[in-house]
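This report goes through a protein model for a reader who has the coordinates open. The sequence and structure come first.

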2 protein chains.
Amino acid sequence: MKYRSIALLFALLCTSVLAEEGMWTLDNLPRQALARQYQFDVTPAWSQTVQKASLRLAGGCSGSFVSAQGLVLTNHHCVSRCIAQLSSRDENLLEAGFVARELNQEAICPEIEVNQLLDISDVTQSIHQTIADLSPQQAVTARKAAMSELEAGCGQGDHKLRCEVVTLYEGGRYHLYKYRRYQDVRLVFAPETQIAAFGGDPDNFSFPRYALDMSLLRVYDEGQPVQSKHYFRVNPAGAQVDELVFVTGHPGTTRRAFTVAQLVSLRDLILPQRMSYLAELRGVLRQFATVGPEQERISRREYLGIENTLKAFRGRHAALSEPGFMEARRSQEYALRERVHDKRALRKTTAGAWDEIAKAQLVWRDIYTDYSMLELMRGYQSDLLAIARHLVRAAQERPKPNAQRLREYTDAALPQLTQRLFSAAPIHPELERLSLGWSLEKLREFLGPDHPAVRLSLGVEAPQALADRLIRETQLADLSIRKALWDGGAAAIAASADPLIEFARRIDGPARAVRARQEQDIQAVVETNSTLISQARFQLDGTDNYPDASFSLRLSYGQVKAWTEKGREIEPFTTVAGAMARATGQAPFAFPPSWLAAETQLKLTTPMNFVTTHDIIGGNSGSPMINRKTELVGLVFDGNLHSLGGAYAYDGRYNRAVAVHPAAMKLALETVYAADHLVDELFSAP
Amino acid sequence: MKYRSIALLFALLCTSVLAEEGMWTLDNLPRQALARQYQFDVTPAWSQTVQKASLRLAGGCSGSFVSAQGLVLTNHHCVSRCIAQLSSRDENLLEAGFVARELNQEAICPEIEVNQLLDISDVTQSIHQTIADLSPQQAVTARKAAMSELEAGCGQGDHKLRCEVVTLYEGGRYHLYKYRRYQDVRLVFAPETQIAAFGGDPDNFSFPRYALDMSLLRVYDEGQPVQSKHYFRVNPAGAQVDELVFVTGHPGTTRRAFTVAQLVSLRDLILPQRMSYLAELRGVLRQFATVGPEQERISRREYLGIENTLKAFRGRHAALSEPGFMEARRSQEYALRERVHDKRALRKTTAGAWDEIAKAQLVWRDIYTDYSMLELMRGYQSDLLAIARHLVRAAQERPKPNAQRLREYTDAALPQLTQRLFSAAPIHPELERLSLGWSLEKLREFLGPDHPAVRLSLGVEAPQALADRLIRETQLADLSIRKALWDGGAAAIAASADPLIEFARRIDGPARAVRARQEQDIQAVVETNSTLISQARFQLDGTDNYPDASFSLRLSYGQVKAWTEKGREIEPFTTVAGAMARATGQAPFAFPPSWLAAETQLKLTTPMNFVTTHDIIGGNSGSPMINRKTELVGLVFDGNLHSLGGAYAYDGRYNRAVAVHPAAMKLALETVYAADHLVDELFSAP
């Protein structure tokens, strides 16, 4: 049978890491491969610069210091939420772009937090000792408590520190990451969305590409720009084909260690439901935006985010459905199970692990929709209601000892939560009514009108009417009321007659119940058994491997490289001339006025975007691409369609990262935006 | 392994037909089972009444004669298109309902065609001889030509006859069905959508249920009601639990004979894409309807149709993803392949059939999106554009000999096509612009902006701007212009400067190309090899089985019966009292004013809806449910959620058909609608 041989090949290939595959943690870099393949030695100084100049945007992106004065380079789409928040009915900065010509014009982003990694320590032993001999259900609770305690001990109440225990290798390792936390982050430069996202959704996750998806932030401390000793100098020459380059950044989530049963849950249950939900919401927002320019403005960012997620989900679903893929994974899994079975000690501890995980997937089938709608609030889409829930839950959780709280209310988590909770960013009632009304309809649709949580939520009201009433009558848009409820704790919450607080109180029981069920019957089982499998892998194959992505700092290495698509070679670089050829004048293929005005002065051969073989995934957006000399030679902003399958497997023949070329940044800042001060700060020799 | 035993059980169960499973053709009824199990003998007279009183609505539903004066009972949702077409800005009949108090108030449905089955003849030998020794690619063309010729010979140019060759058992049998065609069909009675679809989408495909999903039509010939000798008298007593009852009707499509590879295509490729597409369109229409009552009115029917399809697709996808389902099918298939392999003659002809079908699925993966967007026009959603394409293609096809035309332009097919093409039903430009603009965006999204067909379609125009221009400038809303283009043929089409005709001409090449590819590389391969498998089944297991549904007349038998859902027994009957308890006053759980006004006079114990074990599927909507005496004791309008999996397998423990009880019809006509003349016509003894 043909599948057999493909599967076998796949299984053989995957027993060792492929060249250029891997999102490596800084404490376990592939030094031998780099030395052997590229004659490159990782020095302590090099590592130190990489670690300290690379930054994490806590909302879900990457970035890096690019000057000694705290200037940060990241993607436009990583800060578009801030740009929208700084906009108003009169001034749409997503449309118009933004350049601060002086420090005092730099505008505070109300919800951006930047993290700089100071230190990594191994806490595996401590956690493993805590959970030794516990049942999976006891372990899941004890593990969280231990993590919260380690984080509190590391952070020591200092809000400028952020400590996180990172789970690696499915619990085979736990590391404590200590970050410097910056919450005063200001917008310095953003081009217009028209050029930042040129090609829009049609070109997203594809290549050739022509987007200036960049923005500049500056990190402040005590009201002054931070002095960033470690930074990457931008080299406008970029990188050459075949040159060794690195990407450092914060890939969010991959599922390469998932068992077949877990992948099947994604393919058959979770992704189809998510795609259908997001597609409908996209349709709703598309029409909402046609009502008028103000509706367009206030919904634009969410719309683009949905488009992006939807396309990513479709790519992942296609990867999981690729003929032969699941069969190959099944063969690999079978081979590993055989090897486990052949070792007496492993057989005893681990032979049943895969079946336990598979049984937990049957529970997912029963409760996923409830979990998604109630606990993940997909039946309650509203920023104000999310705030209400946080206020209600925080009032219950904060009085508890740190280790016993839900993880999102531990001391280590509170600064980021309160930054969002007390953000002055505008919330738009019209959009709130729309998304809450629509999502309450989905709540009823997916759970059925007779589900107890649906009856509790709707009573006899129609979903949209209920949403209209709640948003109209709530006072949570008022920051002082939120603060009073936060400070007043449980008593204030119990006494509040705010309809959204009342609603959040009312619906919290079912949500907490399904969360508990998920933790006990799925998470506990999966964690315990995945750790067993991971430990078996360590025993059988050693530790020269990288863990699944976890939104912690990783390094990947690779090269600028063409690839072949249906027999046609895709050149690795695009140019300004290519962008002009693609511009039809119609969105999303229209230049903004600033580019049209500068058109004749733009050097046509300037490289615009390029592709590399780096192994990246969502969360790597904004990652610096650097050369051996730690010069910044590219800005990662996307991957090609094949890279979406990277969630489950890396294939160096097809997976490509997509980056903005530094020459395009220089050209734009100089010629289009006349931002010479930024050109000086970014490109002049130190 | 647990899967093994489930799969084995399934395989054993499925080698013979389960009690009450089956959508039987009238020439191959399960006489033995009926005699043995129910002591019921099918007499020629009984068969004759069943055949002649059962009707097909050519648009995709079932119905039946219920009086000697051509009165037809079917579902409200089967004629909602007509009701919408008879509505206007001033009078929304979907909302207000409709009662013709005299014959001259009965209103012509512009696009409804009713078919009465006159005769079935077996043409298997003729077709099999035609395609003997041909390659699959030659056979697919020859088969269509032979079918068109047989149809033309049978119809003999008489527009009142409709002849169709029906493919049964995947080509193991071909039958020629000769129908009496009626195109003068008038609306007699329709309740308000509020009560016809009480519970709306939340209650759709579920039970308990409280919907009066009925309507009455009357068939006319030469301007007079037809004298319908064969009809089902309605018996308000309905059916009792465990009594033998029959459903006769026109189930549309089931896929129970699909190979595993075909089912995987549905699960992983086709259904996810369809669900995502429809979900987004639903979101678009939801918002469109909020603009105002007129937008709500003109989009309502399409919106409800999408909701219904979406829910059905989700149910089917869930059935295909059910743990163990695909494994069981794989085991069954494996067992059949083994048996084929064991017979020398079969091995030679048929052993490779499954792999050939699997290979064709790989082609589907390559071209499905093109086929769906271009040929099925999911990238071109517009009634006017569909008309334009028909005009363009008909001009190319009609001059060809009948046997060489695309199937939808054969002589047998033209009357239904021209009824729609020259229908005076209103087309709403605002809705046309919306759906065309949105779908052109999907065309670009799914095929990519660089796809040749996308470039050909859009040029440098933005999708919505192009749609606006085409709909604004076309004159195809004018019936006389359509007729002139039809009559003028190829010369008129070539000379036309109508922008929609120009557009339809321009995009026809790529659509025909992908259709040809689909026919040659998928349809041809699947047809030839499915027929081989079907013939092997005949050889191995005999012919005491039923074929997959094909929108031809079928009979299924069963009983009123409760079922057990998650440990709880679901009672088979609901009552008017239950409907009142469920009415919140908010849509879709609100009674219409007529019911509120009559509320105190309604007998609370009147049965409203009920469930039976009949094996039905979409297309059975409007089917009569009859007893041994051919009395109508129910009106099928839906199935429960489990019945959606009936597309792939019937499970008598859970699958249920949902029907309107005749007592509820009588109560409503008498008490709510004061339609005594209809009560007399329906319920008085003959």
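## Basis

This is a predicted model: local features need pLDDT of at least 70, side-chain atom pairs count only at pLDDT 80 or more, and totals for chains, interfaces and linings use all residues. Residues are numbered from 1 along each chain as its sequence is written, chains are lettered from A and ligands numbered from 1 in the order in which they are written, and side-chain values use heavy atoms, with hydrogens and water left out.

## Chain pair

Contact here means heavy atoms within 4.5 Å.

Across the interface, 45 residues of chain B are in contact with 45 residues of chain A. About 3,600 Å² is buried between the two chains, and carbon and sulfur atoms give 49% of it. Buried area is the accessible area (1.4 Å probe) that two parts lose on being put together, summed over both. Of the area that chain B buries against chain A, B:Arg286, B:Gln287 and B:Arg365 supply 16%, more than any other three residues.

Helices (H or I, at least four residues) and strands (E, at least two) are DSSP runs, numbered from the N terminus. Helix α12 of chain A covers residues 325–342, and at 1.5 Å a residue its 18 residues should span 26 Å, which agrees with the 26 Å between its end C-alpha atoms. The expected span is 1.5 Å times one less than the number of residues. The buried residues of α12(A) are A:Phe325, A:Met326, A:Ala328, A:Arg329, A:Glu333, A:Leu336 and A:Val340. Seen down the axis of α12(A), they fall within an arc of 160°, so they line one face of the helix; the arc is that of the directions from the helix axis to the C-beta atoms. On the other side of α12(A), A:Tyr334 and A:Asp342 are exposed. Buried means under 20% relative accessible area, exposed over 50%, and partly exposed in between (1.4 Å probe, protein chains only).

Helix α25 of chain A (residues 662–672) has eight of its eleven residues buried, so it is largely enclosed by the rest of the structure. Its buried residues are A:Pro662, A:Ala663, A:Ala664, A:Met665, A:Leu667, A:Ala668, A:Leu669 and A:Val672. Just after α25(A), A:Ala674 has a positive phi of about 45°.

A:Val245 lies in strand β13 (residues 245–249) of chain A and is buried, at 0% relative accessibility. Beyond its neighbours within four places in sequence, its contacts include A:Ala239, A:Tyr557, A:His614, A:Met625 and A:Val633. The C-alpha atoms of A:Val245 and A:Thr630 are separated by 9.2 Å, although the two residues are 385 residues apart along the chain.

A:Arg186, in strand β10 (residues 184–190) of chain A, is buried at 14% relative accessibility. Its side chain makes a polar contact of 2.8 Å with the side chain of A:Asp184. A polar contact is a pair of N or O atoms within 3.5 Å; within protein, one must be able to donate a hydrogen and the other to accept it, and residues adjacent in sequence count only if both atoms are side-chain atoms. In helix α14 (residues 353–375) of chain B is B:Gln361, buried at 8% relative accessibility. The side chains of B:Gln361 and B:Ser265 are joined by a polar contact of 2.6 Å.

## Backbone features

The peptide bond from A:Phe207 to A:Pro208 is cis, with omega near 5°; A:Pro208 is in the loop between α9 (200–203) and β11 (215–221) of chain A. Another cis peptide bond joins B:Ala587 and B:Pro588, with omega about 0°.

A:Asp133 is not a glycine but has a positive phi of about 70°, and is exposed with a relative accessible area of 81%. For A:Asp242, also not a glycine, phi is near 75°. A:Asp242 is partly exposed, at 48%.
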